[in-house]
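Let's take a friendly walk through some side-chain contacts. Have the model open and follow along.

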Number of protein chains: 4
Amino acid sequence: MSSFYGENLRFTIFGQSHSPAIGVTIEGIPAGHHIQFEELQKFLNRRAPGRSPTATARQEADVPSFVSGLVNGITCGAPITAIIENTDVRTQDYQSLKDSPRPGHADFTSQMKFHGYQDPTGGGHFSGRLTAPLCIVGGICLQLLRSEGICVAAHIQSIGPVQDSTFDPVSVDAALLDSIPGKAMALIDDSRAAHMEQAILEAKSNGDSLGGIIECAVVGLPAGLGDPMFAGMENRISQAVFGIPAVRGIEFGTGFAAAQMLGSEHNDPYDWKHGQVRTRTNHHGGILGGITSGMPLIFRTALKPTPSIAKVQESVSLRQKQGISIQIQGRHDPCIVPRAVPCVEAAAAVAIYDALLQRRKEG
Amino acid sequence: MSSFYGENLRFTIFGQSHSPAIGVTIEGIPAGHHIQFEELQKFLNRRAPGRSPTATARQEADVPSFVSGLVNGITCGAPITAIIENTDVRTQDYQSLKDSPRPGHADFTSQMKFHGYQDPTGGGHFSGRLTAPLCIVGGICLQLLRSEGICVAAHIQSIGPVQDSTFDPVSVDAALLDSIPGKAMALIDDSRAAHMEQAILEAKSNGDSLGGIIECAVVGLPAGLGDPMFAGMENRISQAVFGIPAVRGIEFGTGFAAAQMLGSEHNDPYDWKHGQVRTRTNHHGGILGGITSGMPLIFRTALKPTPSIAKVQESVSLRQKQGISIQIQGRHDPCIVPRAVPCVEAAAAVAIYDALLQRRKEG
Amino acid sequence: MSSFYGENLRFTIFGQSHSPAIGVTIEGIPAGHHIQFEELQKFLNRRAPGRSPTATARQEADVPSFVSGLVNGITCGAPITAIIENTDVRTQDYQSLKDSPRPGHADFTSQMKFHGYQDPTGGGHFSGRLTAPLCIVGGICLQLLRSEGICVAAHIQSIGPVQDSTFDPVSVDAALLDSIPGKAMALIDDSRAAHMEQAILEAKSNGDSLGGIIECAVVGLPAGLGDPMFAGMENRISQAVFGIPAVRGIEFGTGFAAAQMLGSEHNDPYDWKHGQVRTRTNHHGGILGGITSGMPLIFRTALKPTPSIAKVQESVSLRQKQGISIQIQGRHDPCIVPRAVPCVEAAAAVAIYDALLQRRKEG
Amino acid sequence: MSSFYGENLRFTIFGQSHSPAIGVTIEGIPAGHHIQFEELQKFLNRRAPGRSPTATARQEADVPSFVSGLVNGITCGAPITAIIENTDVRTQDYQSLKDSPRPGHADFTSQMKFHGYQDPTGGGHFSGRLTAPLCIVGGICLQLLRSEGICVAAHIQSIGPVQDSTFDPVSVDAALLDSIPGKAMALIDDSRAAHMEQAILEAKSNGDSLGGIIECAVVGLPAGLGDPMFAGMENRISQAVFGIPAVRGIEFGTGFAAAQMLGSEHNDPYDWKHGQVRTRTNHHGGILGGITSGMPLIFRTALKPTPSIAKVQESVSLRQKQGISIQIQGRHDPCIVPRAVPCVEAAAAVAIYDALLQRRKEG
């Protein structure tokens, strides 16, 4: 299913890379919320292609058209459908994909699943282009969260070997988070931008690609969001984040490094501070038992290098039942990580907004 | 919600650490499947407490009683409810938990969520004890998967600093996977068992605890399982695995390490072998676009050190609104990792079996 | 599925007529609600068998045991599971059911669905006995609704040819509704009780059975509950009410009779009364566009005559592939309608309580 | 929610009467099905407005545009979104609706639910116009059912006082069902058409409106479709049918009349005929225990008279907090029943197709 079935917020992302349009149909956003279209467009532009030498040359304006669910820009309680028309479509690049699957892509697996009826063009429904509708619903949720004092932002923790600084899990605040989205490169330490760009261009010039890690922080969360077991904040956020193509792993708080710590190191001591319960350290990443503690929520997610590379690769011909070499044509990102940053924010936002709605009815 | 809402398999895990009983109510298992009770009990015993010096001393037989859904041990299509009575209950250990939350536990967050009405005793619904019902439903799914030639097994990749070997992602097979569950310690390289046990006992004698990493492999999967975007195999497995307390991260295939690879390294070349499409390497961990490729499915998950440690810790008194020191009494595992291995297998099995049912109706 | 998946309240009813136990697992009831057990038991007793000459002679105490979800009788936010053990079990009555399906029962259809693996004994999972767990969850919801000023009650509008009075859809109030549940026969006009009992006993003495109509009213509902299209109050209530075996139809407000009215007759004029918007008539039965208007919600549901009758009936032998005559043994209700009254209230209550929770999060 | 959440088929209907577009987003239709567009358009035309003197004068071509989910007219497994642009929009008719709710409409209740943020124009999301997208998804399901030998058709059983013949529940067959959709008036007995049309025009000339009853039959169903309790065929079909505005009741088989029958009359005797199990009568309407028996599935549904009438009516002014008289302007159907016939078929089709998918995975 291409739907996110939260407890309260539910949406279906539709479209293929080269279908007439892509979009999203959303249910569960209460009536009476004013959508800030300009802000939403700015958010979408951070993901949009064709804006940087490190990204694909495909040109798409990515301006959504809202065909339902709004009255004068305010949610009216009916389902919201927003559509982005696909304009810069080139179908000739993909003729051979059904015979010779591209390594690292969903060509082969989608053919197995859909018995050859899948849309192969440009990756079809598996294209990274489908993250644009995710950013529409996520961008709306970011606005709704912001109006309740909750701030979500992510930065590029690494691209290939080049590292950014990391969020301090205790002191990270809205001021820091607000400073990142406006940057050309979503970094804490701007001095890393040039190194990252250089690493990407070098990979590109070699016909190769790079992956990376994105770190996301959420501040202003009340304690008590989330549900036990299968609807904890980790489960909810993971379900959304693995909806982004190329994501290969996710960790919360100290994450995998926690596996090598002692309990006495990893346990975060409680403290009474400014009339609130806080922890002195934040190895738990703001979540205990699936439920928010009120400390900053921190997670990191790993993205693999873009599978579309210019180098010759080994594949098979399904018809000829033998190995062949292929070379991928078309326009591709040598590194998807910069454009994935708003997608990670969007995924986090939908999961968190859903949990927030859930909390309301529990009084 | 404490329910796992697969597309087809749905279950709710109920109970608290010291409620009259714990258990699970399951829907979606087709009629006509013979449950192997002896095999199921062996599986549950791998998780059960009180069986090793490295585990909690709490004694629970953990023998489920099936009150519905079976006729002569065969599923009849009606919902299955299985119950385990809680016998070795000691409520006196937990009197102060509602005032002074234990670091690293859900005491504080559940109090915020449930406004003080949560069951604090022994962690209540957040107790690791609730993984017993997960192992009931997971153990049944493992049998059903096995009858279709699909084999799921996990091993302890590390406890604290001590490492096991890892699965070879290309050549791992049912023979290797079958060899692990019978071992006292779920390892590939048995020579590591003594080192791990020693590390645990050392932590225990220091009043401390250890975490670790569990690696899970699934072989025999057909290509074509899973759905795009939010119901990919990664999303489904994550939703289930983060239902296990203490899990802090999950990665598929090469996982976080993929972030530092080049596309030309990470892309797995296709090969035509024995009349089948295979990949020569398996960085993708058996999943592309959320859908199985037919290669072994590999994931790793990180568990934090048990938060229940004997050392004095810093907490707060919620009534007195100030910091206090606490020392946890009771019976606890100095390392939950060995007992979590079958839980990870169970979580993987429910997610995979659900995807398998989904595949059937697509013809 | 034997689950009711409300937007917020979700429960699964498990058990078969002669399995070790029957029961219900419930999620979504917020923490902090005190269950009134004595009141719940009184409610369950209205449905319980063996209490009247017009009902089955099967003896079942129907006292639920709550194994999870409560702390000192107060909901703790974790799933609630309640169990009723089956005690008066007689399996010998049903040996031939898999060969010769009883007319009007689910014997044949469940055999087709479950390929012969269904539990045939006493109707298995299709037995009217499964309405006991529905009354547990419904009885709890009735208490929760009552604490918010919402009152649900039903009466027997007819049994065979014998009619009761009907609710006045405008003036029906809590006082009238409260007077009905305590009666031996749930009637507005008590003078009809003897006629109805006589009609049932006459049918019984003829080896036959009777059906009837139950009318249900809900007062105290706020305006604005329910959702458009597929989650309107009619959809929600119907989904629950058709979960009661023997229900063959449902109508809201003026119902089928509306089909013969003019718009100018059926439209309910608005009125401003006591500072509130009211309608002068109530043909709409308290629901417009799927959403409550604040007027009394009225619906009626038709129950077929009990299919278990003592007369010889025509069936087939599935093995011999030919017609045969059968005569049903066992203990059965000559008319299920009196015992179905609390079941209808329970079904209404779960649907309404779910809508009420939904309303909360919309602010 | 404006979504239909089947077990397998899920769709969300979006749009308002005068929003830029209306449409539907569909998940769960397997890949590889060829959509017959011409046939689908014929089906949509049966519902479309502006085609008869008995219907509204609003002109809408109602030609859907499929923006996703198809490759060359064949389903590709990705979500399907189809859109119909709203062209003949007149917003000036509805300015006063937020102050003075129309009797029998959702104006007041939607205002209570959405706190005044609802789209009032033309009934907004509550408009009968939203049944056009229902007919898109239903029309597709009708084609898919037909390809498996399942035929669904409905006729007007009555409009006001004028009756059609009824389906013979035992002998109704595909030949009869196929003959109805092509007729100008969906009747078994064409001689009733003129009487019905006359009744409607008479009501119209009086500034009034009529309701009616629609009877639907499904033949070719295999035995064994549907699930116990809350997912029986009655629950599923009801959930869909009450999604059509103006539906006030539904009954299956003999329905409400069953309440006055004896068990010995209502029970349908089994018969072995042409190598199959059949019943001699069909009071059960093809469903026992929520599961199909293989006999024709029969249900009837009651529609209230169109609430939009030209007569002066009593309403209130919400601002002035007092009663006022209103007169509705605009273009309306004096009787919605003829155009509702394909909507009832569509609702039945989605529920049945969902159950059919469910059956597949049970093997």
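Some questions and answers on ring pairs and salt bridges follow.

This is a predicted model, where local features need pLDDT of at least 70, side-chain atom pairs count only at pLDDT 80 or more, and totals for chains, interfaces and linings use all residues. Residues are numbered from 1 along each chain as its sequence is written, chains are lettered from A and ligands numbered from 1 in the order in which they are written, and side-chain values use heavy atoms, leaving out hydrogens and water.

Q: Are the rings of Phe252(C) and Phe242(D) stacked or edge-to-face?
A: Rings of Phe, Tyr and Trp (its six-membered ring) pair if their centres lie within 6.5 Å, with planes under 30 degrees apart counted as stacked, over 60 as edge-to-face and the rest as tilted. Here the centres are 5.4 Å apart and the planes stand at 90°, so the pair is edge-to-face.

Q: Is Asp107(C) buried or exposed?
A: Buried means under 20% relative accessible area, exposed over 50%, and partly exposed in between (1.4 Å probe, protein chains only). Asp107(C) has 8% relative accessibility, so this residue counts as buried.

Q: Which residue forms a salt bridge with Arg236(D)?
A: A salt bridge puts a side-chain nitrogen of Lys or Arg within 4 Å of a carboxyl oxygen of Asp or Glu. For Arg236(D), the closest N and O atoms of the pair are 2.7 Å apart, and the partner is Asp354(D).

Q: How many salt bridges does a search of the whole structure find?
A: One of them joins Asp107(B) and Arg102(B) at 2.7 Å, N to O. Over all chains, the search finds 72.
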